[in-house]
4 protein chains.
Amino acid sequence: MVIIIKQNAKEERIRDLIQWIEAQDLRTHVSTGDYSTIIGVIGDTSKLDEGLVSGLDIVEGVKRVSEPFKSANRKFHPLDSIIQVGQEHVKVGHGNFVMIAGPCSVESEEQIISVAKSVKASGATMLRGGAFKPRTSPYDFQGLKADGIELLLEAKRETGLPIVTEIMNANHLPLFEDVDVIQVGARNMQNFELLKELGKTQKPILIKRGLANTIKELLMSAEYIMASGNENIILCERGIRTFETATRNTLDLSAVTVLHELTHLPVIVDPSHATGVARYVKPMAMAAAACGADGLIIEVHNDPPRALCDGAQSLRPEQFEDVVKAVYAIRAAAQEV
Amino acid sequence: MVIIIKQNAKEERIRDLIQWIEAQDLRTHVSTGDYSTIIGVIGDTSKLDEGLVSGLDIVEGVKRVSEPFKSANRKFHPLDSIIQVGQEHVKVGHGNFVMIAGPCSVESEEQIISVAKSVKASGATMLRGGAFKPRTSPYDFQGLKADGIELLLEAKRETGLPIVTEIMNANHLPLFEDVDVIQVGARNMQNFELLKELGKTQKPILIKRGLANTIKELLMSAEYIMASGNENIILCERGIRTFETATRNTLDLSAVTVLHELTHLPVIVDPSHATGVARYVKPMAMAAAACGADGLIIEVHNDPPRALCDGAQSLRPEQFEDVVKAVYAIRAAAQEV
Amino acid sequence: MVIIIKQNAKEERIRDLIQWIEAQDLRTHVSTGDYSTIIGVIGDTSKLDEGLVSGLDIVEGVKRVSEPFKSANRKFHPLDSIIQVGQEHVKVGHGNFVMIAGPCSVESEEQIISVAKSVKASGATMLRGGAFKPRTSPYDFQGLKADGIELLLEAKRETGLPIVTEIMNANHLPLFEDVDVIQVGARNMQNFELLKELGKTQKPILIKRGLANTIKELLMSAEYIMASGNENIILCERGIRTFETATRNTLDLSAVTVLHELTHLPVIVDPSHATGVARYVKPMAMAAAACGADGLIIEVHNDPPRALCDGAQSLRPEQFEDVVKAVYAIRAAAQEV
Amino acid sequence: MVIIIKQNAKEERIRDLIQWIEAQDLRTHVSTGDYSTIIGVIGDTSKLDEGLVSGLDIVEGVKRVSEPFKSANRKFHPLDSIIQVGQEHVKVGHGNFVMIAGPCSVESEEQIISVAKSVKASGATMLRGGAFKPRTSPYDFQGLKADGIELLLEAKRETGLPIVTEIMNANHLPLFEDVDVIQVGARNMQNFELLKELGKTQKPILIKRGLANTIKELLMSAEYIMASGNENIILCERGIRTFETATRNTLDLSAVTVLHELTHLPVIVDPSHATGVARYVKPMAMAAAACGADGLIIEVHNDPPRALCDGAQSLRPEQFEDVVKAVYAIRAAAQEV
């Protein structure tokens, strides 16, 4: 960490600061220029509270040299991680691409099994479906909860597809025993109590970027899980909140590239939630594949009587099949270059 | 809710949509213009999923007429709510101004009692202090937890100040039995599982606006608690995340005015976290008082040996006293006009 | 336009509003529901000031049915526009992909001719280079101005590549007589005086999205040029300003898809300015090609003695060649699916 | 400027960088830590291109020590500037508060003179009115232009109020000869060509912060005018673009405080454009006065027959009078503390 001291700071105050830093088992290296004094802090600065230091009235600015995340840091783990999903064959990362599909919410046995069969036939390698649903309004449908997980497990038995579903409360963990991948939703990305509990399991965790969270904060949340003992993390970019309203959120595909540089963990993309519009899912899925995403998570429903839903955020199975083909064609081209 | 249908939509698809809406116990009123058909939906539209409807390919746009929040809505509860804090005298709302002060974290018995006495002498009417601390990094200090709450209760016994402290996990609720106001932090504003549990208590809840959350979403989160049975809610504006980096977040004081229009719940302001800089706290506290905030929550520490901290986010007691005087002078002037 | 009236609005005020609207040669269609009255406005509502109407105290909300842009609107011009660049062969749009490359600033004859030859050899179909440079600081290099344009024209004579360069002042238009495409930078996207003057020429105009401008505002700016008589517009997505700091701006690739839906104008992408980091240019260029961009504009310099610049925003020619290959491979794959 | 070098950077590349810096008449001071090398750059670093340096692949990060603005910098000009408006008595800054009021657009002689008289009677010290109007749509009313300025001058003769009106094109400068303060709108904040021309006059310039511009960029734009020779600048905070839609923009009142710290120039606030809602203007005007703004600019119209407009962004004269009283009461209270 580099601390830049203001020009007019009193010597005594600077000495106080240096003493305080050194009292935390860190070394300092001071250099003095025309306009300012600079304190280089040497040692494990992840313990130093950057906000506290930068708020001091003698401090002009602070710049971290080393990132505050370790387990997730590619510097200390240069090779891509490969996350093993379920008992057998599904892997994510280092060239292993995962195609996750399924409905927003599990609604009934008939629905989830029908969708599961459809998406498997179209090329999905994992099934998604919401059992516990985080809804902005307390009056909206909150999911089938435990029954929803039961139905997902039945769909898994029928199709062999591993399943991923969202957790909202660490107390529900026993219900997730046979779930293959546990999802942390965007709104819970900084629910640190939940992250710590998930760190005590060995389940793969799919963690979505929060709507107002930076890439580094996403990595710090992964770090929470890893610091508690679970290194099986899949990161997910799903759009951030900006002033643009043409799409529900703004999909930040640069994040895929930046994350691949900073971390060894696999990164997947959710074009359904990011755009909120079914007809934008295919081009964004293709773009994600082109820039190196390790997988996609896409909403697919299978509900012919509710014909009106065509065009909403979810794709119909035949549309999903079209996306799968396009994504694999792009991947093939991207890998050759 | 008003649904605007695209010009080229097929009659049959429009009929499907109308049938689907009416199947949900709602009535419709259709009018046809030159360029589009408009469906007015009449009845309790809070059940209708706006995202789903607006995603339909035959739909040009959707506009809610009635807000989706009810218990928090001033339309149905025109008079200001007054939240009673502790056993006796402290009230918030409808002209009752609350001045909450205290350290970011409870660190020791000596510290918290010393700060409590200081801020009481300076005019604070409630004590804040973090026992469970949400930290971006798993390697940062996570608070004294249960011991921190014990120390806060001791400070309360010594000074008579009611206390407010943050909860991060509903399982910790038994520890909060003697806490006067339970705080939900910005990162947990949409931790709906936590909100529901807090709704089962009768404790006043201080809920902070999330960094990327709209004013309406803050009200929907209040609604979660109220729908579960607890109407004792204090809202808190504490800055939103924008592109500006001169302050930690951007304090949105218009939110105070907008919230007072939309809801009967009291609204307080946290200038310490919003700006992240101690010397900006006083002018922002004065501005908050001028535009009608029902209270302030301000970080104050009392730690002369760590002289280096002057200028950080926290005020020293004598600075806090200066803020209190300024705030009351502004309030007096604002009430006369 | 649909105007939703508040529940408690007085009859008389509603009548006033209807009269005011009809006085503007528009017809109205009023329907009354349980909770609100809705006024449908029929006719050419592009003249109605949406901000004015939505600010009225009897108005709950306003929703436009028809977009306020016409010439740029795909509804009235379903086929893709093809923009002809220079005298002969370069076209943009409807399957014609343009690859624009060149240095940020024109620095010298040697530099620009050398880069022009290199990028042509690598597959560029147009040359870019800044002569007039918009710089945040008045103390930064402001470009070679008229001399820079002369040097670009020389590079064009040497290589046959059409050239694109930015204009900052309509008074400079005479200098742009032999320039093939005139660029409007992000900061001038809403310099309406400049847009109107450009509308009086028949030059192709490359207009970049402003950092805080919505997709619709970009289309309104194109509409300014088109309404003045020039329909040769190329739109450019170059990143928007968000809270994320890992990249200079946040590249909004969904905008490519949304724009293709709303307008017939071609849309290109600038991954160099969006990310600000050379090593992110290739993956973002590939992603842009995958989601259907009609071209790319990429910074390339050719300055071996300043070896230190490796890694900055600009690519070296050999890196650009690698990007070109990747982009064409992705395009080929995308077109097959 | 402090440049932090990556851990694995080659010695030779670091030497190249140091040589390049020193070739620009700057000195360097290198210090080497466990994790990184740090180059302190000493001298006038405003010439160094921060973006270029931070993009280098051997560079971990860059931190400016001295701000890149000089004429506007309080460090070099500690006393508040006072801007003299018109021939006589109106001053802005250092305790001189300016109350600017008037209609959005000048519409007719009757209108502007009537409003001018009303606002003067209510306490306005300057008259605003748009003659050249920047409108998002080319189909919206673009102002009365030269005739509008004539009408403003007539209102000035009638009332003695100095006038402020917006310029959109430096070619129009001759029309502004008798205008007292020339306004640069938010959309033109980085129209550097316009800023340079305004720098050649000695007119007071009221420059509004752009919707997506940081506080530092606003100061750099002021610097453009000052570097060209005109030091009579009034800064204006008028809301930034965020995700919140309850107000048109998000008024950033912290900017008033931050600007007062960084610069000696006066700072006024525009609550009308920031919120877009007349009933939010009073509380935000009071808040602005409480945190030390040097003035306000408020939209007032006077148009009884268009009764429908009540509630839009503009205040009626009697509402404005109420705001003036409230603002002065707050100012009086704020100055005593």
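These notebook entries record what I looked up in a predicted model.

**Entry 1: how two chains are related**

Two copies of a chain are related by a rotation about an axis and a shift along it.

**Entry 2: helix α6 of chain B**

I next turned to α6(B), which covers residues 215–227. The helix has 13 residues and reaches 18 Å from its first C-alpha to its last, close to the 18 Å expected at 1.5 Å a residue. Is the helix enclosed or open? I counted 11 of its 13 residues as buried, so α6(B) is largely enclosed by the rest of the structure. Among the buried residues I listed I215(B), L218(B), Y224(B) and M226(B). The elements that cover them include α5 (192–199), β11 (205–208), β12 (233–237) and α7 (254–262) of chain B. After the helix comes G229(B), and I noted that its phi is positive, near 120 degrees.

**Entry 3: a glycine in chain C**

I looked up G239(C) and placed it in the loop between β12 (233–237) and α7 (254–262) of chain C. Its relative accessibility is 0%, and because buried means under 20%, I recorded G239(C) as buried. Leaving aside residues up to four places away in sequence, I found that G239(C) touches L211(C), N249(C), T250(C), L251(C) and A274(C). I also noted G210(C), which is 29 residues from G239(C) in sequence and 8.4 Å from it in space, C-alpha to C-alpha.

How many disulfides does the structure hold? I checked C236(B) as an example: the nearest cysteine sulfur belongs to C291(B) and is 13 Å away, whereas a disulfide requires the two sulfur atoms to be within 2.5 Å. C236(B) is buried, at 0% relative accessibility. C104(D), by contrast, is partly exposed, with a relative accessible area of 28%.

**Entry 4: aromatic rings**

A pair of aromatic rings is described by the distance of the centres and the angle of the planes. I recorded 12 aromatic pairs over all chains. In the pair of F97(A) and Y328(A), the ring centres are 5.9 Å apart and the planes stand at 70 degrees, so I classed the pair as edge-to-face. F97(A) lies in the loop between β6 (90–92) and β7 (98–102), and Y328(A) in helix α10, so the pair ties together parts of chain A that are 231 residues apart in sequence. F97(A) is buried at 10%, and Y328(A) is partly exposed at 32%.

The rings of F132(C) and F176(C) have centres 6.2 Å apart and planes at 20 degrees, so I classed this pair as stacked. I noted that these two residues lie in distant parts of chain C, 44 residues apart. F132(C) and F176(C) are both buried.

**Entry 5: charges over rings**

K70(A) lies over the face of Y139(B), at 4.5 Å from the ring centre. The charged end of K70(D) sits over the ring of Y139(C), 4.5 Å from its centre.

Conventions: Residues are numbered from 1 along each chain as its sequence is written. Chains are lettered from A and ligands numbered from 1 in the order in which they are written. This is a predicted model: local features need pLDDT of at least 70, side-chain atom pairs count only at pLDDT 80 or more; totals for chains, interfaces and linings use all residues. Side-chain values use heavy atoms; hydrogens and water are left out. Helices (H or I, at least four residues) and strands (E, at least two) are DSSP runs, numbered from the N terminus. Buried means under 20% relative accessible area, exposed over 50%, partly exposed in between (1.4 Å probe, protein chains only). Contact means heavy atoms within 4.5 Å. Rings of Phe, Tyr and Trp (its six-membered ring) pair if their centres lie within 6.5 Å; planes under 30 degrees apart count as stacked, over 60 as edge-to-face and the rest as tilted. A charge sits over a ring if NZ of Lys or CZ of Arg is within 6 Å of the ring centre and within 35 degrees of the ring normal. The expected span of a helix is 1.5 Å times one less than its number of residues.
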